[in-house]
Amino acid sequence: MADYWQPVWLTLKLATITTLVLLVLGTPLAWWLARSRTWWKDLLGSLVALPLVLPPTVLGFYLLLLLGPQGPVGRLTDSLGLGTLPFTFAGLVVGSVIYSLPFVVQPIRNAFEALGERPLEVAATLRASPLQRFFDVAVPLARPGFITGAVLGFAHTVGEFGVILMIGGNIPGETKVLSVAIYDHVEALEWTQAHWLAGGMLVFAFAVIFAMYRLQQRWQ
Amino acid sequence: MNGLEIRLQQRLGDFQLDVAFAVPGRGLCALFGPSGSGKTSVLRAVAGLLRVPAGVVKIDGEIWQADGRFVAAHRRALGYVFQEASLFTHLSVEGNLLYGWRRVPPAQRRLGFDTVVELLGIGPLLPRATLSLSGGERQRVAIGRALLTSPRLLLMDEPLSALDHAARRGILPYLESLHRELSIPSLYVSHDANEVAHLADHIVLMDQGRVLASGGAAVLLTRLDLPLAQFDDATAIIEGTVALHEHDYQLTWVGVGQERIAVAGTERPVGSRVRVQMHARDVSLAMGARRDTSILNLLPARVCGVREVGRAQLLVRLQLEDGQTLLSRITRRSGATLGVHEGLSVYVQIKSVALIGA
C-alpha cells in the first residue's frame, strides 16, 4: 500500500514545492515583464514562454546536459559539494520550475498589465513607496492572476512526464512520480493499478480546473 | 516665496508644453483650457507623476523639483483627485480612506478623520464596497481619501467631468464647503467655465501647452479678450458682504460697495463674505435708474469695454463703483440705440443672481 501511495505523495510534494518556488521567482519576473519598456523584454518573454511549445523531451535533454557531470551547472554544483542534480528530487524541482514557468508567469503578468498605471499612481499620491504600492495595491488587485498561475503551475507539474523521464528516471521515492508510475504499470500490463492512478489524475485535474473557474467567477 | 511656482517645458506627443506661472499659496486656482491644452500634464508634473526634465516645481519655497532635484511623488505632501475616482476595488470605502491616512505621521495630520467624513457626507458609506457606490459617491470618497493625507496642496483633475449633470450638481456644494472650511490651496483642472466660476479664486488660462493669462478669477472671467467671457454662459463673480435678510420675501441682500444686490434667501450670517454669480445674458443695460420694473437689482456702472460676439450681439464689460467687473450680453441693435461705448455711465439690470455655495 505504501508503494502505491508513494508516487502520489512524491508528485504532490514536487508540485507544491515547484509552485512555491515559481510564485517567489515568477512574481518579480512577471512584474518586470509587465512594466519594463526595454526592447529585450520580449527576448526574455519569449524565453519564458518557450516551454509552452518545446517538446518536454527537448527541454529534458538540454537540462540533462546542463546539469550533468560534464555540464557547466553540473560542474558548479559538484565543486560546491552538492553533487549533480539529475536523478535526484532537487533536479526534478529545477526541471519542473523551468517546465511550468510560463504557466505561472503568464497569468500573473497579464493581471499586472491589466492593472494599468492608475492604481499605482493613486497609491503614490497617497504616500505609498514603490514597495508598498507593489504589496498593498498591485498584488491584491492581481489576485485572480496569482490564483490562476498557482493552480495552473501546480496542475501542470502534476502532469509532467517527458522532462522527468529525461532527467529524473524512475527511482522510487526519489523521482518516480505519478505519471511515470502510470507508464510503468502500463508497460508491465498492470491495468488495474494504471486505471486507479490515471482515473485519480483525471478527477483531480477536472476538480482543479473547475474550482479555479468558480473562484474567478466569485471575484469578478 | 509663498505660493506655487511652476516652470515646465517639454515636448509631449504632438505639442510643446511651455508654461511658467506662480499662483498664491491659498485658495483655489483653476487651470482652465480646452481638452488637450496640457492642463493634466501640468498637474501630473506638479504631483511628480510626470517627469519633465529641467522643470521647476516649488511650493512655499520648498523644492519639489528644480536643479536636478526631483522629489518622488510619494514624498510630496499633496492630495490628488483623478478624473475617474480610481478607488481601490480591493478595499472598502473605509479602507480607501485609511490608505493614505495611516501613512501620515499622527503629528502631521491636520484634518481629523471624522471631520473629513462629515464634511463630505460619506459616513454611511464607510463599510460599503467601492463598486456599489454611485459616481458622485465614489468621487466624494476619492476627495476624502486625498484630504486625509493632510496635503499642503490639493490637485484635482476634472473631478466632476465623469459625472452626470445631477451628480455634478450634487457634489459642487461639497467642493464649495471644502474650499470655505479648509484652507488647503488647490490646483483644479477644468474645461467647464461654470465650475471655474463657482470655485476659482485664481485662474490660469491655458491653450495648446501655453499660458494665455493668469490672474484673479473675478477679473479674468470678464476680460473680453479671453475665451472665458465669450462662452454662451459667460458669467461674472462679484464679492460682497451679507447685509440683511428680508425674511418676509425670502431674500438676502448682499452689500457691494455702496450698493446692494438681492439674492434668494440664505442662512449665511450677516457680515459674512460671499460670492455671487451672474450670467452675462441675465444682465441688461438701461440709461436711467428705472424703478418701474420687476427687476430688483439695479446698479450704476460704467462701460469699460465692448466687443462684438457673432454678428448680432455685443459683449459689454462693466465696472461697478467699487471697481468690480461684470458682463452684459446685449444685441447690437440695443447697443446702437443706447449708444454704448467705453466710458458711458449706465445702469445694469440683473435678472438673476446666484449666491455661490448657498
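This is a short tour of two chains, stop by stop, with something to select at each one.

Before you start, note that the model is predicted: local features need pLDDT of at least 70, side-chain atom pairs count only at pLDDT 80 or more, and totals for chains, interfaces and linings use all residues. Residues are numbered from 1 along each chain as its sequence is written, while chains are lettered from A and ligands numbered from 1 in the order in which they are written.

**Stop 1: a helix pair in chain A**

Select residues 143-158 and 191-218 of chain A, which are helices H8 and H11 (helices are DSSP runs of H or I with at least four residues, strands are runs of E with at least two, both numbered from the N terminus). Their axes lie 10 Å apart at an angle of about 180 degrees; axes are lines fitted to C-alpha atoms, for helices over the stretch in contact, and angles run from 0 to 180 degrees between N-to-C directions. That makes H8(A) roughly antiparallel to H11(A) (the label for angles over 145 degrees).

Now show side chains. H8(A) contributes A:Pro144, A:Ile147, A:Thr148, A:Val151 and A:Ala155, and these meet A:Ala205, A:Val208, A:Met212, A:Leu215 and A:Gln216 of H11(A); contact means C-beta atoms, placed from the backbone, within 7 Å. By class, this contact has 8 nonpolar, 2 polar and no charged residues (Ala, Val, Leu, Ile, Met, Phe, Trp, Tyr, Cys and Pro count as nonpolar, Asp, Glu, Lys and Arg as charged, and the others, Gly among them, as polar).

**Stop 2: where the chains touch**

Turn to chain B, where 18 residues are in contact with 13 residues of chain A. Select strand S7 (78-81) and helix H2 (93-101) of chain B, the elements that give two or more residues to this side. S7(B) gives the most, with 3 residues. The chain B side has 9 nonpolar, 7 polar and 2 charged residues.

**Stop 3: strand S10 of chain B**

Select residues 202-207 of chain B: 5 of the 6 residues in this strand, S10, are buried (20 or more other C-beta atoms, placed from the backbone, within 10 Å of a residue's own). What does S10(B) pair with? Strand S3 (residues 28-32) of chain B runs parallel to S10(B) over 4 bridges, with B:Leu31 partnered by B:Val204. Strand S11 (residues 210-216) of chain B pairs with S10(B) in the antiparallel sense over 6 bridges, and here B:Ile203 stands opposite B:Gly215. Pairing requires at least two DSSP bridges. Finish at B:Gln208, which takes a positive phi near 45 degrees in the hairpin of S10(B) and S11(B), with 2 residues between the strands.

Conventions
Parallel < 35°, antiparallel > 145°, perpendicular 65-115°, else oblique. Contact = placed C-beta atoms within 7 Å. Buried ≥ 20, exposed ≤ 12 C-beta atoms within 10 Å, placed from the backbone.
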